[in-house]
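Dear colleague,

Please find below the structure that I promised to hand over. My notes on what was found in it follow directly after.

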Amino acid sequence: MAGLDEVRDEWDAFVESVGSDIYFTVDWLQAWWTYYSDRRQLACLLVRDGGVLVGALPFFVERRWLGPIQTHVARFVGADHTLPIFNPAIVSGAEEAVLACAVEWLTTVAHCDAVVVSPLSGESTTAAAAESVASHAGLRVVRSDSPGPHTVFRLPSTFDEYLASLGKTARRDHRRFERRLRDAFSIEYRIVTGADAVACFDEFDKLHTAQWKPRGKPGHFADWPHGATFNRDLVTRMAGDGRARFYVITGDGATLAMEYCFVLGDRCFWRLRARVLDPELEKLRLGQVSASELFMMLIEQGTTVVEAGPAHFEYKTRLGGVEHPLRRVIIARDARSSVWKTKALVSWADLVHLVYYRIWFNHFARRVGRGGKRLWGPWVRSRL
């Protein structure tokens, strides 16, 4: 991973220029690798056409075992543990050519049985390109589906335009509750980055954890392995250049709500939220006001796109977010053994997800006093 430092400037500039994600920047990749690279091998690929960079794709290769049977699988760096949504860093129009090069290298040089291209944004053309590459190369698409939705906001040039897009009622509600909040408190909005961001992360962690505690849940940072240390490392690495940011509302000098984000070019990656749990503040729609004011500050900074994460959240659609299907494409090498091993691995991942996550973690764990536990590492790594 240290080798990425040699191409850091070119890599990051390319990722930003093609509208790719914060998840593919060198700082993010190196932070992720620090905590989640155990028994995995790195394969970061730069694809050039006549010397011109057209693709930058960070993969890792790992051995997955089903009893005595091992399957070599390639996935994007960052594909598990951290809930990313990928728009791979490929020049528009070159998706099939770049993926063809990557898949060929991974299945021949790296001897992978399977290449997993996931989780992809529903706005990305990569899924269709991956299917086309598999078809033309004689490979087998073992799975092509959507594991759920994700939400994207397209921001206009002014905040008034944004409010107008929500409709008359929503626009009126925002102004009424924002005014009531100001009547109740001396309100200030601020953006925290740079040297103050690490201390701000620690405050966010405490507030986020306190918000989830009454529901019997530990919150994101305790849910996921190394959640707090990984995110603190991210903020430390990325705050200096302004990429890691906290958007904060204070009332009478005390923090009321915080939004945890990353910014790359004109794109914002809205990661998590935290706010004070207070019945009076709930009546003032603090969460709604905080999100709307986040968009106001982003618009003022020239942000045009907000990637708001996976899964369905009604409040995001009420705020004007549009849901798109996440995409997942799993390709097996053109060998009978690779196909059946990949199919077996996918079936096993489905079974683990059903039994552990959907049945045990979501329904029974809290009933028998086992709620609030960190997500099971083997399940995290098994997801495809």
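How many disulfides does the structure hold? The structure, which is a predicted model, holds 0 disulfides, a disulfide being a pair of cysteine sulfur atoms within 2.5 Å. Cysteine 44 is partly exposed, with a relative accessible area of 26%, and cysteine 101 is partly exposed at 41% (buried means under 20%, exposed over 50%, partly exposed in between, with a 1.4 Å probe and protein chains only).

As to the overall fold, the protein has 14 helices and 14 strands, taken as DSSP runs (H or I of at least four residues for helices, E of at least two for strands) and numbered from the N terminus. Buried residues make up 52% of its 384 residues. Of the contacts (heavy atoms within 4.5 Å) between residues at least 6 apart in sequence, 73% join residues at least 24 apart.

Residues are numbered from 1 along each chain as its sequence is written, and side-chain values use heavy atoms, with hydrogens and water left out. As this is a predicted model, local features need pLDDT of at least 70 and side-chain atom pairs count only at pLDDT 80 or more, whereas totals for chains, interfaces and linings use all residues.
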